[in-house]
Amino acid sequence: MSNRVQANGSSPASQADTTHTASQRYLSTRGDDIGLSFEEVVLKGLASDGGLYIPEEIPSASNWESWKDLSFADLAYEILSLYISPTEIPADDLKTIINKSYSTFRAPDITPLVPLKDNLYLLELFHGPTFAFKDVALQFLGNLFEYFLVRRNEGKTGRDRYHLTVVGATSGDTGSAAIYGLRGKKDVSVFMLHPKGRVSPIQELQMTTVLDKNVHNLAVTGNFDNCQDIVKALFADPDINSTLKLGAVNSINWARILAQIVYYFHSYFSLAKRSDSFKLGDKVRFVVPTGNFGDILAGYFAFRMGLPIDRLVIATNENDILDRFWKTGRYEKQPAHGKEAEGGLAVDGVKAHEDGVKETLSPAMDILVSSNFERLLWFLAYQFASTAGMDDEWNKKQAGQEVASWLKDLKTKGGFGPVYKDVLETARKNFESERVSDEQTLETIKKFHRDVGYVLDPHSAVGVEAALRSAARAGSVPHIALSTAHPAKFAGAVDVALKDEEGFDFEKKVLPAEFVGLDKKEKRVSEAPNDWKAVRELVKAQVEEELRAEHN
Ligand SMILES: Cc1ncc(COP(=O)(O)O)c(C=O)c1O
Ligand SMILES: N[C@@H](CCOP(=O)(O)O)C(=O)O
C-alpha cells in the first residue's frame, strides 16, 4: 500500500476528505482554485486564474518495487489510481480506459528500452499511432474525455448534451497525437493551431489529412508561442467560455503529465531486467529532450513518488530558456545580452527569427516559454516557503503568490529572476541541463548510425548528446535517454545528417509504411491570423456549424 507525503516531501498530513485523498484533489499553481476533482481539472484544462493544476500532494509509492513485473497497462493502473479516486472512476472502468489506450500501440512492450552503448539506453516512446511520445498520453486523454462525456450526456439529447471544444497549440507532434486520440469521437470538436510553415512536412500531413468532421486544423501566421498564447487567451476569455466548454490537450492538461509518469517506472524496471549489474534501488539518470517541460516534469513526479532517480537531465536545442535558467537563475525569453547572433543550421538555411525563436533541426522544441515549468516553480516555491515554519495552508498560499508574481513579470517584462538562491539550489539538486546545437545534433545522428546502425530523430539526438555529456560527469550511473519521435517524422534533418553515409537508404531503413502516400491524400486546413479574437470567432462559427449539422 502506498502512504502519502506532503508536496514538500515531509510527513503525512491528516486527511480531512475520506473519498478523495490529497493526491486526488487538485489546486492551481497561482492559488485561486483549490480542492478540485480529477474530472474537473481534466475537463477544465487550465485554471480560472491562468494557473496550471497540480495535485495537492504527491503520493509516495512505497510499494513501487512490487510493480516490477507488471505489464505497461497494469503498471499504469497502479500509478494512475494513486491520483484518481475510485469514487470518480471505478477501478474496472479505469482499467478499461487504460487497456483501450495502449491496445493501439505497435510494440508489445508499449515503450521498449533499447541499449545504445555501455550504460546508455534509449527509451523508444514512438510506437503509438502517430509515431511520437505524445501518443502515450493522448490516447489515454482521448478515451478519458470520451468516458466523462458519455457519463455526463446519459439521457440527454440535442443542445442539452455537454459538447467539449478542444483547442490546442502544436509545433507538430501534439497536433497529430491529439487528432488521432479524438477523431470521430462524439460530443467533441478539436481545433489544433500550428505555426504555418514551421512544422515538418510529415507532421503537417499527419494532421491535415484527417478529414473527420470534428477535426479542424488552423495554420497560424506566427510561431508556436503565438499559438500557445492564443490558446491561453481563449481559456481566459469569458465570452467563449460562456458559449463553449473549452478543453485542453496540451500538457497544460494534468492528465497528459500523469500518463507520462508511467514510462519512467516501466523503463526503470526494463533496465533492471536487462542489466546484471543494475538492481532495484540503484540510481539512474533520465535525459529528456525538452521544450514545454511536460515530459521531464512527469519524471520529476516519478522521482518524488520514490523512483531512484539520480538526476533528470534537461536537453534543450538552441532555444535554451531552460538551460539559461539552470545556469543563471533567470527565466527570460531573451538572454540578458540581447538576441544571439548565432543561429541554427536549419535545413532551409533559416536562422533566428525576428521573434527570437530559432528555427532548428528539432522544431518540436522551437519554443520561447515552457508552459509546464510553472508547475515545477510551484513545487520549488512551496519547498522554500516550508522552511519558514508556518502551517501547510500558508505554505501553499505563499507558493501560489510567488508563482503568480513570477508569471506576471514574465508576461509584462519578458522574464523574472534571479530567483532566491535556495530555490535555484533545490532545482539544481534534482536537475541538470544541457544545450545542444544543430551541428552537435547532426554529429550525434551520424555517430550513432556509424557506430551502432541506429537512426536517431533530431530531438532524440539532442537527448543522446546531452546523455553523453552527463555520463562523463556521473561515473557508473546508467543513463536512459528518451527517444521522443520516430526519425521519419523529421526526414529533412535525418537526410542532412546521413545522406552521404555509405549504405544509408531512407526509404528502406527509416520510412514506415504508414507514411507512404500521405502526400497524395486529400487535406483540410484553414489559415488564421495571429490574433486570438479572430481565432475565437472562427472557432465559435465552426462549432455552431458542426452542432447544427449534428442536431438538425
Ligand atoms: C519530438 C518531440 N521531442 C521533444 C518534445 C519536448 O517535449 P516537452 O514539450 O514535453 O518538453 C516535443 C514536444 O513537446 C516533441 O514533439
Ligand atoms: N512540442 C509540442 C509543443 C506542444 O507541447 P505540449 O506537450 O504542451 O502539447 C508539439 O509537438 O506540439
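This is a predicted model: local features need pLDDT of at least 70, side-chain atom pairs count only at pLDDT 80 or more; totals for chains, interfaces and linings use all residues.
**Ground rules.** Local features need pLDDT of at least 70 and side-chain atom pairs pLDDT 80 or more, while totals for chains, interfaces and linings use all residues. Residues are numbered from 1 along each chain as its sequence is written, and chains are lettered from A and ligands numbered from 1 in the order in which they are written.

**Domains.** I looked up the division of the chain: domain 1 is 26–55 and domain 2 is 163–244 + 522–551. The bounds come from an automatic or database domain assignment. Their C-alpha centres lie 23 Å apart.

**Ligand 1.** I found 15 residues around ligand 1, with Asp173, Asn292, Gly294, Ala364 and Thr484 nearest. (Near: C-beta atom, placed from the backbone, within 6 Å.)

**Ligand 2.** I found 13 residues around ligand 2; Thr170, Asp173, Thr174, Asn250 and Ser251 are the closest. Helix α5 (residues 173–182) gives the most, three residues. (Helices are DSSP runs of H or I, at least four residues, numbered from the N terminus.)

**Core.** I checked the largest nonpolar core: 161 residues, with Leu193 and Phe286 making the most contacts inside. (Such a core joins buried Ala, Val, Leu, Ile, Met, Phe, Trp, Tyr and Cys through C-beta atoms within 7 Å; buried means 20 or more other C-beta atoms within 10 Å of a residue's own, placed from the backbone.) Helix α9 (residues 254–274) gives the most to this core, 13 residues. Domain 1 and domain 2 both give residues to this core, so it lies between them.

**Phe286.** I listed its contacts beyond four places in sequence: Tyr264, Gly299, Ile309, Leu312, Val313, Ile480 and Leu482. (Contact: C-beta atoms, placed from the backbone, within 7 Å.)

Definitions and conventions: Helices (H or I, at least four residues) and strands (E, at least two) are DSSP runs, numbered from the N terminus. A residue is buried if 20 or more other C-beta atoms lie within 10 Å of its own, exposed if 12 or fewer, and partly exposed in between; C-beta atoms are placed from the backbone. Two residues are in contact if their C-beta atoms, placed from the backbone, lie within 7 Å.
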